Amino acid sequence: MKGITVLGSTGSIGVSTLDVLRRHSEDFRVVALTANRDVERMLEQCREFNPEFVVMANEEAAQRLKKTLAGEALQCQVLAGNEGLEQVAALPQVDDVMAAIVGAAGLLPTLAAAKAGKRILLANKEALVMSGHLFMQAVRENNAQLLPIDSEHNAIFQSMPADYVPGETLPKAVRRILLTASGGPFRETPIAALHDVTPEQAVAHPNWEMGRKISVDSATMMNKGLEVIEACWLFGAKAEKIQVVLHPQSVIHSMVDYVDGSVLAQLGNPDMRTPIAHALAWPERIDSGVEPLDMFSVGRLDFEPPNLERFPCLRLAFEAAKMGGTASTVLNAANEIAVEAFLDLKLAFTNISQVIEATLKELGSQKADTLETILTVDAKSREAASELVAKLGMHTVN
Ligand code: NDP
């Protein structure tokens, strides 16, 4: 039986992971669960999965959970803060770590899992975007293993040669990676109307149900931009080798184009339990609970190139990937600040890309060779982006 830690168990990926795990309780034992503040949902998960450890990143939430659990016949040990997250990512009784904390907060615990040589089911793309070089180095040096959870990267992995290990250089037989994108809720909205779209409209994704931050990233297509950077690290590819293809039905999850003209793809219903089950069982296959794909109701598959005027965040991500160094750390931090401001009604939708572009211009790029540099650049970028939000926001939101 394998031991598993689920980092971010109360989120969208975390809940889907637990749904797959509950179907295979004879093969997996939940050793640790983590969240930030959602005590109610964590309590339910503790009652069902009875983990040895629970971590609430937020101290006050950890205290509340501890008090409530004390009244129940559960043996879960409650930890708090970042140290707790890093600790449960590296426990000796844990084989697999699902890395599903949202945003930069996921970096240190995911890095701790890499340093402890775990099998990492990687949903938190920010770890690679912020510090791809250091993260991949930690994976290699400690014989950790990476299995992509992002549906696109999981599809690429499934379409790669059978002996390919994520992190190796792109095989010579591969000409290009075709990264598919739905185009989000605003694929056809007139560009002039984008300034006034609301958070509710932005998080209403046409095909996928996801957390709020990644839903906004899908609406700006920054999510695809972050995925381009993630793919560069996971598959040892230069950004030029990656083509983004709009595919509104979200049935093909990505493709690999080989030099002999073959294009291999992975298809399925848009349900994250498929890539989660694939990574949990790899190299075997297990039931995920996902409905079989009905090709007749899919009917047709459409493709189109992305319009970079509509989606400037995608252009900025390609630019950051080409700049290298800390440029993608800056991109990620500025994006997190801008998206949060948009969700809090402090910034207009179209100003998200302006904040990111100006922050990138201000901070530029430097060598990303130490964790200290990454964390300093991350903090400075957040400061610069927050100042820009304050300046832009007042003039843009009604
Ligand atoms: P959610 O917002 O739904 O969940 C985030 C999880 O992280 C929650 O458990 C949350 O706890 C926890 N968390 C939030 N902030 C902190 C913090 N500061 N410290 C520790 N834990 C924290 O996110 P998603 O599940 O949508 O996404 C998770 C990751 O997976 C992201 O990196 C995303 O890009 C990636 N991803 C998601 C996909 C999806 O379909 N949702 C698809 C592909 C990738 P709490 O509930 O207490 O706030």
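**Before you start**

This is a predicted model: local features need pLDDT of at least 70, side-chain atom pairs count only at pLDDT 80 or more, and totals for chains, interfaces and linings use all residues. Residues are numbered from 1 along each chain as its sequence is written, and side-chain values use heavy atoms, with hydrogens and water left out.

**Stop 1: the ligand**

Now pick out single atoms. Select Thr-10: an N or O atom of its side chain is 2.7 Å from an oxygen atom of the ligand. Move to Arg-37. A polar backbone atom of Arg-37 is 2.7 Å from a ligand oxygen. At Gly-8, a polar backbone atom is 3.3 Å from an oxygen atom of the ligand. How much of the ligand does the protein bury? Taken alone, the ligand exposes 900 Å², and the protein buries 85% of that. These areas come from the Shrake-Rupley method with a 1.4 Å probe.

**Stop 2: a tilted pair**

The whole structure holds four aromatic pairs. Rings of Phe, Tyr and Trp (its six-membered ring) pair if their centres lie within 6.5 Å; planes under 30 degrees apart count as stacked, over 60 as edge-to-face and the rest as tilted.

Select Phe-157 and Trp-282. Their ring centres are 5.6 Å apart and their planes stand at 45°, so the pair is tilted. Phe-157 sits in helix α7 (residues 151-159), Trp-282 in the loop between α11 (273-281) and α12 (295-298), 125 residues apart. Helices (H or I, at least four residues) are DSSP runs, as are strands (E, at least two), numbered from the N terminus.

Phe-157 is buried at 7% relative accessible area, while Trp-282 is partly exposed at 27%. Buried means under 20%, exposed over 50%, partly exposed in between (1.4 Å probe, protein chains only).

**Stop 3: an edge-to-face pair**

Next, select Phe-186 and Phe-349. With centres 5.2 Å apart and planes at 80°, the pair is edge-to-face. Phe-186 is buried at 5%, and Phe-349 is buried at 6%.

Conventions. A polar contact is a pair of N or O atoms within 3.5 Å; within protein, one must be able to donate a hydrogen and the other to accept it, and residues adjacent in sequence count only if both atoms are side-chain atoms.
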